Amino acid sequence: MTDAKLPADHFADLDRSSPIPLWFQMSTRLEAAILGGQLPAGARLENEVGLGERLGLSRPTVRRAIQELVDKGLVVRRRGIGTQVVHGPVTRNVELTSLFEDLTDSGKAPTTRLLAHQVVAADEKTALALGIEVGDRVSHVRRLRLADGVPVAVLENYLPLDLAPFSDADLAAQGLYQLLRALGVTIRVAKQRIGARAAHADEAQLLEIEPRGAVLTMTRTAYDASGRAVEVGHHCYRPDLYSFSITLVDK
């Protein structure tokens, strides 16, 4: 991760006598630097105190300017790290794609941290979703997905064992749907539920958000062309970096 420190002359035209608030003037200049590539994705901004002292601005002014960028999804505040450039949130159309594909299509670099990859006994909910018996063995996969080095989602999936011959390296390098397609699985339909809740303790730590911070959730069961359930997923996303887009058509 690189530290980014814009030269003071980037802010030389701040007009302290203007009716336009200083925080807004500062925010627009920072935004221009981000969109122009002077502050690249992954760069860490100078801390509020240092930036304010260097420019002769109060800390509340600097904080408000940066919050404007947070609200626009251009930067995120990361616990223990600081404020980092992310170049905008990902908006996901509700369709049969994976997060890995969505991030790639959005021009972001997806990476994966594998948290769990094991064979477990299916509980009642998993068995019902996959159309199997309680206690049947299934593959359990849990991953942290990052975009440009920033954590975006915690992904948890259960799959029938015959559809999950993947290695740890496979799961770290590719999206789950890519791997299934490589096996010849054609996903035709999915049942999906979108919601929101407070993050669990480990999720907040992994996503680098405040304890019990809000997360978006998605539960999905996907079916192949024969109608067989091929995976069930329980995912949670950072709402400042990710959203769902749905198009409604009147009948």
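Guide: Before we start: a contact means heavy atoms within 4.5 Å of each other. This is a predicted model, in which local features need pLDDT of at least 70 and side-chain atom pairs count only at pLDDT 80 or more, while totals for chains, interfaces and linings use all residues. Residues are numbered from 1 along each chain as its sequence is written, and side-chain values use heavy atoms, with hydrogens and water left out.

Visitor: Okay. How many helices and strands are there in the chain?

Guide: The chain has 8 helices and 12 strands. These are DSSP runs numbered from the N terminus (helices are H or I, at least four residues; strands are E, at least two).

Visitor: And how much of the chain counts as buried?

Guide: The chain has 251 residues, and 47% of them are buried. Buried means under 20% relative accessible area, exposed means over 50%, and partly exposed is in between (1.4 Å probe, protein chains only). As for contacts between residues at least 6 apart in sequence, 61% of them join residues at least 24 apart.

Visitor: Let's pick a helix. How far apart are the end C-alpha atoms of α3?

Guide: They're 18 Å apart. Helix α3 covers residues 59-71, which is 13 residues, so at 1.5 Å a residue it should span 18 Å, and the model agrees. The expected span is 1.5 Å times one less than the number of residues.

Visitor: Which residues of α3 are buried?

Guide: Thr61, Val62, Ala65, Ile66, Glu68, Leu69 and Val70.

Visitor: What about the largest nonpolar core: which residues touch the most other members?

Guide: Phe11, Met26, Leu30, Ile34, Leu39, Val75 and Val85, out of 21 residues in that core. Helices α1, α2 and α3 each supply at least two residues of it, and α3 gives the largest share, with 5 residues. A nonpolar core is a set of buried Ala, Val, Leu, Ile, Met, Phe, Trp, Tyr and Cys residues joined through side-chain atoms within 4.5 Å.

Visitor: Take valine 75. What is it in contact with?

Guide: Leaving out neighbours within four places in sequence, valine 75 is in contact with Ile34, Leu45, Ile66, Leu69, Val70, Thr83, Gln84, Val85 and Val86. Apart from this core there's another one of 14 residues, with Leu176, Leu180, Ala222 and Val230 among them.

Visitor: New topic: how many salt bridges does the count come to?

Guide: The count is 8. The rule for a salt bridge is a side-chain nitrogen of Lys or Arg within 4 Å of a carboxyl oxygen of Asp or Glu.

Visitor: Which residue forms one with glutamate 46?

Guide: Arginine 54 does, and the closest N and O atoms of the pair are 2.8 Å apart. Glutamate 46 sits in the loop between β2 (44-45) and α2. It is buried, at 18% relative accessibility, while arginine 54 is partly exposed at 28%.

Visitor: And what does glutamate 48 pair with?

Guide: Glutamate 48 forms a salt bridge with arginine 63, with the closest N and O atoms 3.6 Å apart. Glutamate 48 is in helix α2 and arginine 63 in helix α3, so the pair ties together parts that are 15 residues apart in sequence. Glutamate 48 is buried at 12% relative accessible area, and arginine 63 is partly exposed at 36%. There's also a salt-bridge network that links Glu48, Arg59 and Arg63.

Visitor: Where do glutamate 68 and arginine 64 lie?

Guide: Both are in helix α3, 4 residues apart, which is about one turn of the helix. Glutamate 68 is buried, with a relative accessible area of 16%, whereas arginine 64 is partly exposed at 33%.

Visitor: What does glutamate 210 touch?

Guide: Arg79 and Ala204, not counting residues up to four places away in sequence. From glutamate 210 to alanine 199 is 11 residues in sequence and 8.7 Å in space, C-alpha to C-alpha.
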